[in-house]
Amino acid sequence: MDKNFQEEFARVVKFTPPLYKQRHQFVKDLVEKYKPKKVADLGCADCRLLWMLKFCSCIEVLAGLDICASVMKEKMHMLSPLPADYLQPSERSLTVTLHHGSIAHKDPCMLGFDLVTCIELIEHLEESELKKFPEVVFGFMAPSIVVISTPNSEFNPLLPGVMLHRHPDHKFEWNQAQFQSWALEVARCYDYSVEFTGVGHPPTGMENVGFCTQIGVFIRKYPQTGESLQSEKPTEAVYKTVFKAVYPSLKDEKYLQNAVVSEVIFTAQIIRHHFMPKQEEEEEEEEDPERKSKFQPSVDSFSDYLGKLVVDKTMEPFVSRNEVYIPLATIFSFPKVNRLCGTFEKLCKLIAGRVTLSSDGSAVVFTTEHENEEN
């Protein structure tokens, strides 16, 4: 490498987006490709990767492991559910757990994962830990996919201020040949295939330097049997759980019930407004001139659908005295209500006692006098 070029490049090298974000995006892209349900991040540190992954809709279980409990405890709040998660629960379940412990030890809480990520981890391991690492991750945990990233020492001369290692805690930094030799031997021993790639492109004309961060993606060749998994399982847990969050989910009946009741009432109100006798509409508009403008966008979006839907007289809303009746069958025909409930019987069960129904339970009832008082 030309020394003058090397010195010039070292003054201007900058990755956009930052290198850690490129590594995290690489993992996210891999998740979107393979759709794992259970993901563990070993060496999770400040939990930023876990925070990004919690928004991936395919993931139902997230776990982090790190030797430094203080860093996890400082950042773990970002993995807690927000008020909006309770107001609008997701259709999937999600549990996030953080563990304090060493990757050199086996713990049953780390079994059953589809994807394990080790982002900038192995270079922090002592020699004794690095020797145990393959057996713990590939032999014991044996996930379908393992992603390992580590610095490429051949890129270091291009980075400003880097003399030996990029971080004072790094025990080693491998060049491309060293990393690939280690990874291929691990893959061979534990029946994985491995592909090499990376993030942080070298400058034009210096492609032989390789990526700034080198990455190995390991894919298990054969599924692990239940017998082998059980035989490897230790009898005692060695990690300490420092955080656990269970997100509200529509798979939980109490959250599902709240969502269904809200959707039924909302849908019934829109239908009621659309089919309400004109005289009643005019009376309401006199009391609240803004009412029509409030509802008009929703009404317009429902109009065509409602016109096609109510071809059967039994599904048509009707007014009796000061009450408006919206048939449950009509409400159940709306896609979101139908998707939430699945069956008409479940709809009836979920709204029982939570929504005012007709005497035979076939329709949602609104009292127009009460509605006008609210308006």
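Let me start with a pair of strands: strand 2, residues 61-66, runs parallel to strand 3, and six bridges join them. Helices (H or I, at least four residues) and strands (E, at least two) are DSSP runs, numbered from the N terminus. Two strands count as paired if DSSP finds at least two bridges between them.

Before going on, a word on the source. This is a predicted model, where local features need pLDDT of at least 70 and side-chain atom pairs count only at pLDDT 80 or more, while totals for chains, interfaces and linings use all residues. Residues are numbered from 1 along each chain as its sequence is written, and side-chain values use heavy atoms, with hydrogens and water left out.

Back to the sheet. Strand 3 is also joined to strand 8, antiparallel this time, by six bridges, with T95 opposite V246. Strand 1, residues 38-42, pairs with strand 4 in the parallel sense over three bridges, and there A40 faces V116. What order do the eight strands of the open sheet take? The order is 6-7-5-4-1-2-3-8, and the pairing is mixed. Strand 6 (192-199) and strand 8 are at the edges with a single partner strand each, so one side of each has no neighbour in the sheet. From one strand to the next, the twist averages 15°. Axes here are lines fitted to C-alpha atoms, for helices over the stretch in contact, and angles run from 0 to 180 degrees between N-to-C directions.

Now the helices. Helix 2 lies across strands 4, 5, 6 and 7, at about 20° to strand 7. Helix 6, residues 127-141, lies across strands 1, 4, 5, 6 and 7, at about 160° to strand 5.

Next, the cores. A nonpolar core is a set of buried Ala, Val, Leu, Ile, Met, Phe, Trp, Tyr and Cys residues joined through side-chain atoms within 4.5 Å. Buried means under 20% relative accessible area, exposed over 50%, partly exposed in between (1.4 Å probe, protein chains only). The largest such core has 39 residues, and V31, L53, I59, L98 and V147 have the most contacts inside it. Helix 2 gives the largest share, five residues. I59 touches V31, P36, K37, V39, L53, R92, S93 and L94, leaving aside residues up to four places away in sequence; contact means heavy atoms within 4.5 Å. A second, separate core has 34 residues, among them M110, C118, L130 and V136.

On to the rings. Rings of Phe, Tyr and Trp (its six-membered ring) pair if their centres lie within 6.5 Å; planes under 30 degrees apart are stacked, over 60 edge-to-face, and the rest tilted. There are 14 aromatic pairs in the structure. F138 and Y192 form an edge-to-face one, 5.0 Å centre to centre with 90° between the planes. F138 is in helix 6 and Y192 in strand 6, so this pair ties together parts 54 residues apart in sequence. W174 and W182 have ring centres 5.4 Å apart and planes at 45°, so that pair is tilted. Both W174 and W182 are buried. Ring pairs also link F133, F172, W174, F179, W182 and F196 into a cluster.

Last, confidence. pLDDT is the predictor's confidence in each residue, from 0 to 100. The chain averages 86, and 81% of the residues score at least 70. Over residues 1-11 the pLDDT is below 50, and over residues 291-300 it stays under 50.
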